[in-house]
Amino acid sequence: MPDTPDLLRRTAALAIEYLESLADRSTVVDQDVARLRRELAGPLPDAGELASDVIEHLAAVGSRSAAGSAGPRYFGFVIGGAVPAAVAADWLTSAWDQNAGLYVAGPAASVVEEAAGAWLIDLLGLPSGSSFGLVTGCQMAHFTCLAAARYAVLARAGWDVTTQGLFGAPEVRVVVSEEAHSTVHTALQYLGLGRDRVLVVPTDDQGRIVVEALAETVDSVPLGAPMIVNLQAGNVNTGAVDPLRPAIELARRRANCWVHVDGAFGLWAAASPQLAPLVDGVGLADSWATDAHKWLNVPYDSGLAFVAHPEAHLAAMAPPHAAYLQYDDEKRDEVAWAPEFSRRARGFTIYAALRTLGRSGVRDMVERCCALARRMADGLRGTEGVEILNEVVLNQVLVRFSPGGEGDADAFTREVIRRVQEGGTLWLSGTTWHSMAAMRISVSNWSTTEADVDRSIRAIVEAAAAARG
Ligand SMILES: *Cc1c(COP(=O)(O)O)cnc(C)c1O
């Protein structure tokens, strides 16, 4: 391929151009599905096209319509950007194109994952000796952790779910709060545990599990019955964290109970001494799911599953030994720890992000996002007709707008969100919190500055004023 270097240099230039545009780019992007289909879809060409033509075309259409979620004024969902070192490592990962399932197919990939896993266990305050798997996202991290949980609680009841499946197995009681993220239910759906076959515990006004209600639910389960309790660090709307220590200690009183924590973004509070009290006791759980593609700011797809009981993790995940698999106890074969066989070497991005940020850099990034969320809340709070619905304990802010008088605050809040989205200064979306329409702001990007927040506050206040007419 004689033109390969030119193609890749040109592609790098196009990618850099896009990244450099992010700070000032409008957050309004092309969402016209008919136009995108016209430009991108159609019959498969019989003769191949020039790679440079394909890439130029993709870059033009793709950059124009890219959601801009890597940018500093994207506050939608809980997204996170990508620190430059992680983007660079992602490019190298593609160039190396290794299959990181096996040590032999990517030796450095395996060692880098080992190093990153150990750093993360330390940084997030998890028990040393925990095992980990690098997966696509938090949903698959739940799947991995809950597979280990399912294995362990059934093994204690004398049942090997790995070899025998669930047919004839003792019943597993699964406890969730009413605020459990949908991906926990999806993981239960995949695992044959039934997404609706759960015992649901109420939450308080911030979305935290009510410990007394959890105690009642746990007590309703027959003694010794296999049980899995799901807790949450970081409610997707409010950022609130379940009272982890009392909840875990309560579950611990049962002989056969596994505690799993959904810490998709909230677990990163553990990386900051200032925020760590929020997740006090988190290390007492049995498994933890989190994302690197959210608050660590590495490119998608990058989820992390941690398990305090490596033997259960292994029993649940490792494929049956096949003759050609060069398993070796001395080296890490990732196939044993994740629900994938062949896979991308996704450790390089995490490694590059952690090594360039260092412990203090991760702490600063997490604390800065939280400080900016408070700045956003404080900046909006003073305005007539604006109410902050949550205690801003982390990086999430919920805002509700009132039109004044007898006006419909739900409809008005949605109208303000629509106007903000169309304004192009920032992007965020709406949610429903305790039956009320709300604007949700998530500050999760390394590149967001105070000036970005102040500009965004002005745009939101102007949108509300314009909606009032
Ligand atoms: C984002 C999120 C998830 C799902 O994570 P993915 O990486 O999108 O699979 C789960 N739980 C919470 C609390 C989240 O914020």
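The ligand is surrounded by 13 residues, the closest being Cys138, Gln139, Asp262, Asp291 and Lys294; a residue is taken as near a molecule or strand if one of its heavy atoms lies within 4 Å of it. The structure is a predicted model, in which local features need pLDDT of at least 70 and side-chain atom pairs count only at pLDDT 80 or more, while totals for chains, interfaces and linings use all residues. Residues are numbered from 1 along each chain as its sequence is written, and side-chain values use heavy atoms, with hydrogens and water left out.

A backbone N or O atom of cysteine 138 lies 2.8 Å from an oxygen atom of the ligand. For glutamine 139, a backbone N or O atom is likewise found 2.8 Å from a ligand oxygen atom. Histidine 293 contributes a polar side-chain atom, 2.9 Å from an oxygen atom of the ligand. The ligand taken alone exposes 390 Å², of which the protein buries 85%; accessible areas come from the Shrake-Rupley method with a 1.4 Å probe, and for residues only the protein chains shown count as cover.

Helix H6 comprises residues 138–156. Helices (H or I, at least four residues) and strands (E, at least two) are DSSP runs, numbered from the N terminus. At 1.5 Å a residue, the 19 residues of H6 should span 27 Å, and the end C-alpha atoms are 27 Å apart, which agrees; the expected span is 1.5 Å times one less than the number of residues. Of the 19 residues of H6, 15 are buried, where buried means under 20% relative accessible area, exposed over 50%, and partly exposed in between (1.4 Å probe, protein chains only). Glycine 158, with a positive phi near 85°, follows H6.

The disulfide count is zero, a disulfide being a pair of cysteine sulfur atoms within 2.5 Å. Cysteine 138 is in no disulfide, and the nearest cysteine sulfur, that of cysteine 145, is 8.3 Å away. Cysteine 145 is also in no disulfide, its nearest cysteine sulfur being that of cysteine 138 at 8.3 Å. Cysteine 138 counts as buried because its relative accessibility is 8%, and cysteine 145 is buried with a relative accessible area of 0%. Cysteine 370 is located in helix H12 (residues 347–381) and counts as buried at 0% relative accessibility. The C-alpha atoms of cysteine 370 and leucine 275 are separated by 9.3 Å, although these residues are 95 apart along the chain.

The peptide bond from tyrosine 300 to aspartate 301 is cis, with omega near -5°; aspartate 301 is placed in the loop between strand E6 (287–291) and strand E7 (303–307). Phenylalanine 77, in the loop between helix H3 (51–65) and helix H4 (84–96), has a positive phi of about 45° although it is not a glycine. Phenylalanine 77 counts as partly exposed because its relative accessibility is 40%. Histidine 434, in the loop between strand E10 (429–433) and strand E11 (436–442), is a residue other than glycine with a positive phi near 50°. Histidine 434 counts as partly exposed at 40% relative accessibility.

The protein chain is divided into domain 1 (4–66) and domain 2 (90–353), with bounds that come from an automatic or database domain assignment. The C-alpha centres of domain 1 and domain 2 lie 36 Å apart.

Notes:
A polar contact is a pair of N or O atoms within 3.5 Å; within protein, one must be able to donate a hydrogen and the other to accept it, and residues adjacent in sequence count only if both atoms are side-chain atoms.
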